[in-house]
Amino acid sequence: MEKIWAFIMMHQIETLLLGFGAIVLAFIITHWQEVKFWWLNFTYNFPIIGKISRLAQDIEGFDEKHKWFYSEERLCRDYYNFYEKVDKDSESYDEAKEYLHAAGELGRKPTPTFIWIMIFVLVIVEAFGFAYVLAGFTIPGASEATQQKGAIGVAAMLAILLVWLTHMTGQELHKNTLIKKIRRWYKNDNAGGSNWRDLKPDEQLISIDNTFDDSSSPNYIRMLNRLDVNDKVKTTYTKTILTLIFIFAVAIGATYIRHQVLTQEIASSHETAMNIFNEDASPFAGAENAGSDDDIGALFGDDAAADAKEDLSSLFGDNAKDATTPAEKNTAAIEDETNQKGGDATFIVLGLMFIFIQILGIFFGMHWDFAGRESKEAYECLRGFATKKAFLSYYDRVKTHIARVAQQQLQKLQHKMNIINDNTGTDAETTALLRNNKERTFRQYLTFEDK
């Protein structure tokens, strides 16, 4: 853990960017419609090359029947796509609630924002953990900095892939619980019979808008009408098996690589220690290596040089390895064995933690999100409102906001079109139509769509 923390401190900028990116991604996922609406306004208001600027150039094409310019219709249609999604009434509330109830998913919710943030934080920690392990193996021959950057990229992709797989596995297991419920209810309803060929959905496709059309069917058929299942209405575990294989392969592979790295580090530390000892063990080693025999012989004669070598050898030995006693060797071996066993135990714990995090991801997938074909849309329609009054109040407010923004954008467009017409000019009919724009409002456009 200390090494991972040191690795993170060494790459503070990358860590901050990854953390910021994870938070932004979690926000975008959980507020997708709001982000899309913001982007639509941004593209319309962008100066010079924005949609309003470009649409305003078309001041000649208009619909002869409704007397609307095509550019005005294009703007209103873009905003109507958002308005349509929030154009809800009392009947919409009843339909959405009934759809979720029939699908067996009333009360379920999408994955909360804080869970996504927690998942992405765990992903980042996993990524750095893997990056530290893989740093020396991702790009052999490259510099250390390049290897680390490559390892971070590979580890991030691995972690994101695991998040996706575990979430899909959780969804598959949740769907399987609904299928088991369908089969159990069908079996009970047929006095223990097992003629599974008769178990099939109604021919009519059921959606939120016609959710009451199968109200006379048994509850298991109604649930089946809202799920995408195979022709035998049986559970499948393809994603689960694939994910488990991948998780255990990564866990075992990462533990093996960590073991190899530790063994390599212990061997390297021995080699370094021996090199230091050989260089520094004797204060006269440098004299021996520098050809001191000749120097001493030149000063005192060859006999004196031989005597001096025998004296140095008797004091410090001919080889440093020979100076290591059996007791010291035994101590070093015990130390190595302890480091190896302690490291391996730590790696096993890390491997188990990794598997537990993946199980947690699968649990999140089982506990949140939906299996029904339109359950998510039904939930987004209800948005967790406890009462119909709160539901209607919210959608009235949102509809009013979108209509007001659309009207403001339409007025900007009409104003720009009049300015361009004043500068370039066109025929009298078009000019009169451009100036008389009081009838062409977003509210008026809604009446066309309602028809």
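A salt bridge is taken here as a side-chain nitrogen of Lys or Arg within 4 Å of a carboxyl oxygen of Asp or Glu. Side chains of opposite charge can pair when their charged atoms come close. With that cut-off, a search of the whole structure turns up 14 salt bridges. The structure is a predicted model, in which local features need pLDDT of at least 70 and side-chain atom pairs count only at pLDDT 80 or more, while totals for chains, interfaces and linings use all residues. Residues are numbered from 1 along each chain as its sequence is written, and side-chain values use heavy atoms, with hydrogens and water left out.

Beyond its neighbours within four places in sequence, Glu72 is in contact (heavy atoms within 4.5 Å) with Leu410, Leu413, Gln414, Met417 and Arg440. Two of these partners can be described further. The side chains of Glu72 and Gln414 make a polar contact at 3.1 Å. Such a contact is a pair of N or O atoms within 3.5 Å; within protein, one must be able to donate a hydrogen and the other to accept it, and residues adjacent in sequence count only if both atoms are side-chain atoms. Arg440, in turn, forms a salt bridge with Glu72 (2.8 Å, N to O). Arg440 lies in the loop between helix 17 (428-435) and helix 18 (442-450) and Glu72 in helix 5, so this pair ties together parts 368 residues apart in sequence. Both Arg440 and Glu72 are buried.

Other charged pairs follow. Asp94 and Lys388 form a salt bridge whose closest N and O atoms are 3.2 Å apart. This pair links distant parts of the chain, with Asp94 in helix 6 (residues 90-102) and Lys388 in helix 16 (residues 388-424), 294 residues apart. Asp94 is partly exposed because its relative accessibility is 32%, and Lys388 is partly exposed at 28%. Within helix 16, Asp396 and Lys399 are three residues apart, about one turn of the helix, and their side chains meet in a salt bridge (3.9 Å, N to O). Here Asp396 is partly exposed at 41%, whereas Lys399 counts as buried at 14%. A network of salt bridges links Glu98, Asp214, Arg222 and Arg226.

The UniProt record, an unreviewed entry, places the feature "transmembrane region" at residues 12-32, 114-139, 151-170, 237-257 and 347-368. In the model, residues 12-32 are 95% helix and 0% strand, with end C-alpha atoms 29 Å apart. Residues 151-170 are 100% helix and 0% strand, and their end C-alpha atoms lie 28 Å apart.

Finally, there is the largest pocket, which holds about 1,000 Å³ of space. Of its 35 lining residues, Pro110, Asp369, Phe370, Lys376 and Glu380 are the closest to the centre. Helix 8 gives the largest share of the lining, seven residues. On a 1 Å grid over the protein atoms alone, a pocket is an open set of points where a 1.4 Å probe fits, with protein on both sides within 12 Å along at least five of seven lines, and lining residues have an atom within 4 Å of a point. Grid points are joined across faces, edges and corners, and a volume is the space filled by probe spheres set on the points.

Technical notes: Helices (H or I, at least four residues) and strands (E, at least two) are DSSP runs, numbered from the N terminus. Buried means under 20% relative accessible area, exposed over 50%, partly exposed in between (1.4 Å probe, protein chains only). UniProt positions are given in the numbering used here, feature names are shortened, and annotations may be inferred rather than shown by experiment.
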